[in-house]
Number of protein chains: 2
Amino acid sequence: MHEFQIIQSYFTHLSRRADLGVGDDAALFRVSPNCQCVVTSDMLVAGRHFFPDVDARTLGHKALAVNVSDLAAMGAEPLGFTLSLALPSVDEAWLADFSGGLLALATSFNCDLMGGDTTRSGSGAGLGGLDGLVINITAFGQVPAGAAIRRDGARVGDDIWVSGTLGDAALALALLQRQRAGESLPEQDSTTLAQLRSRLEMPTARVELGLALRGVASSMLDVSDGLAGDVRHILRASNVSAEIDCDALPLSSPLALMTFEQPWQRWRLALTGGDDYELCFTAPLSMRARIADLVGELGVPLTRIGRVVPVDSLGAPRVMWQSEISSDSLAHMNDWQGYNHFS
Amino acid sequence: MHEFQIIQSYFTHLSRRADLGVGDDAALFRVSPNCQCVVTSDMLVAGRHFFPDVDARTLGHKALAVNVSDLAAMGAEPLGFTLSLALPSVDEAWLADFSGGLLALATSFNCDLMGGDTTRSGSGAGLGGLDGLVINITAFGQVPAGAAIRRDGARVGDDIWVSGTLGDAALALALLQRQRAGESLPEQDSTTLAQLRSRLEMPTARVELGLALRGVASSMLDVSDGLAGDVRHILRASNVSAEIDCDALPLSSPLALMTFEQPWQRWRLALTGGDDYELCFTAPLSMRARIADLVGELGVPLTRIGRVVPVDSLGAPRVMWQSEISSDSLAHMNDWQGYNHFS
């Protein structure tokens, strides 16, 4: 099958957003007057970011969702994306499912496939399955000039908020890894995996929430590598510190009910596991009522987990973890970082 | 080395084009009023698009050049790009050279690195050298609304033009492959390789020419997979056929002087080899004088190689190859296609 046939069969998409879509040297689209263009890019590698035998439809969903989540974290409206695929082989059933999951999500966000590249993966391929598969998506959006919610706007006294629940994808991944290692999961763990698996494989990009937080949030990012590491990006960019109340961390019922040997293991999962794709943001106290209203308007849980404080006399932004319920656990948390792709 | 350290050490670039560059969830930039945003994306895979031991500096150059060439082919002005890297390992000397070559070209085009992603490559890595390395660049530019030079504007009677010379990169690649297979090249071939190697490894993106051809060319693309296949993209998009004079194909001295067993082998190299990154365009006859002026103004050779004709009674766009010097060779050419990444 020729590259052009692959594109024509699986990745031709009626674009309402592009003036010129797939099929020329480049795509053309318009940014609304007085708007800035917003651009982000994420690369997913088989064996690193997904299991080589993952369901193709969920993979198509996730590859786009993680990029749209970055647009959401800027308060941007999605416009379109380019897709680059390095394929170990041409498997038409796989391509149909992958593009199905991808384009279904694209349609739901009115975020159009505008172009890209398709090639064979390198000599590392051929080890079986999707080994060697690499997916890169670059997504574009727009935001009224000056309205983007950046990482450097947190101010001392602001509340710190997070959407949804934390650690669900990490728990699903941990259970999936045990299952893949040949372990027969106890019934309760199987139920938990069934409940949380979609949080790992079909993450929700909080676009509507991101848009609603323009003029409300003072800084924002999406939590992709674990809140413990990611919140530090806001702190460093804004030159502030944070007090975070571990007792307030929003946990799903399956994660809250899970038994751990040590209480801090639950927090480690919630704070360092990654793949949450929830929005973490800061906002002045004056916005509390507005934020409470958003919970009802959008149907998205929003939880106040801490507050922004000045950097201490050493001048280094840091997180001070707090807990009344399990203060013994706090000693375990000081060096928690986000996921490091090179460790 | 942590992902953030890699980005900070090697890919932080003083951006004059971005309102917000590397370091947030997404980058922000502006498109000038009444302009369309132009976007293109290319993925390069070790072992497919470059030798795993290729010089890192030239690889950095080429990875960006092939994308900027697509912007040039639209008549667009480059603005910026995102870079995604899947690295088999962290080799700081390699990263310094790669980013050096990349950012030198970026600076020369005023095309700024605005963001991206860095990750480890998958389990195919570790086979040695750069095996597993994947580079994806998505480049953005702008063009006044309606001024982009698309593939679908060729009209019957237009001339067909090409910039520079064809087949040089393909000849360099053929010689390099012989050398890598252990062959000791004759002196003349070594000289030819030395002369043409930069055409393969450091291609020129014809940005200035692309801009100058706005309002002059009726259709355009960049020749990346060989003119024989690529020109058909214009023909199909415009629903026209072409007569191309093989005797007029612009060849460099090293390629013209190379000895081939059959005369058509030279044309095959020039027409199907790929990696030329020259611009192929159509223009009305009334533009001949303007195009002749451009040769002097820009110092870029522009050669008229054929003309646009109506599709025949079968209604299928096709190329009719012509030659007075070597008409026997034409029989070999009918099924010549561009490079197929999946054959």
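R290(A) is partly exposed, with a relative accessible area of 31%, in a model that is predicted. Here buried means under 20% relative accessible area, exposed over 50% and partly exposed in between, with a 1.4 Å probe and protein chains only. The partner of R290(A) in a salt bridge is E297(A), at 3.2 Å from N to O; E297(A) is exposed, at 51% relative accessibility. A salt bridge is a side-chain nitrogen of Lys or Arg within 4 Å of a carboxyl oxygen of Asp or Glu. Side chains of opposite charge can pair when their charged atoms come close. By this rule there are 34 salt bridges over all chains. Some of them are tabulated here.

| Salt bridge | Closest N and O atoms |
|---|---|
| R290(B) with E297(B) | 3.2 Å |
| R206(B) with E278(B) | 2.8 Å |
| K62(A) with D275(A) | 3.1 Å |

In chain B, R290(B) is partly exposed, with a relative accessible area of 32%. Salt bridges that share partners join D168(A), R199(A), R206(A) and E278(A) into one network.

The salt bridge between R206(B) and E278(B) has its closest N and O atoms 2.8 Å apart. This pair links distant parts of the chain, 72 residues apart: R206(B) is in the loop between α5 (187–201) and α6 (207–212) of chain B, and E278(B) is in strand β10 (residues 278–283) of chain B. Helices (H or I, at least four residues) and strands (E, at least two) are DSSP runs, numbered from the N terminus. R206(B) is buried at 15% relative accessibility, and E278(B) is buried at 1%.

Chain A is divided into domain 1 (3–144) and domain 2 (159–330), with bounds from an automatic or database domain assignment. The C-alpha centres of these two domains of chain A lie 27 Å apart. Their contact (heavy atoms within 4.5 Å) takes 21 residues from domain 1 of chain A and 20 residues from domain 2 of chain A. Between them the domains bury about 1700 Å², 62% of it on carbon and sulfur atoms; buried area is the accessible area (1.4 Å probe) that two parts lose on being put together, summed over both. F51(A), K62(A) and A73(A) supply 31% of the area that domain 1 of chain A buries against domain 2 of chain A, more than any other three residues.

Two salt bridges are counted between domain 1 and domain 2 of chain A. There are also six residue pairs in polar contact between these domains, with both residues at pLDDT 80 or more. A polar contact is a pair of N or O atoms within 3.5 Å; within protein, one must be able to donate a hydrogen and the other to accept it, and residues adjacent in sequence count only if both atoms are side-chain atoms. On the side of domain 1 of chain A that touches domain 2 of chain A, α2(A) gives the most, with nine residues.

S41(A) lies in strand β3 (residues 35–45) of chain A and is buried, at 3% relative accessibility. The side chains of S41(A) and T138(A) are joined by a polar contact of 2.9 Å. Residues that S41(A) touches include N67(A), T82(B) and D117(B).

Residues are numbered from 1 along each chain as its sequence is written, and chains are lettered from A and ligands numbered from 1 in the order in which they are written. Local features need pLDDT of at least 70, side-chain atom pairs count only at pLDDT 80 or more, and totals for chains, interfaces and linings use all residues, while side-chain values use heavy atoms, with hydrogens and water left out.

How values were computed:
Lists of a residue's contacts leave out its neighbours within four places in sequence.
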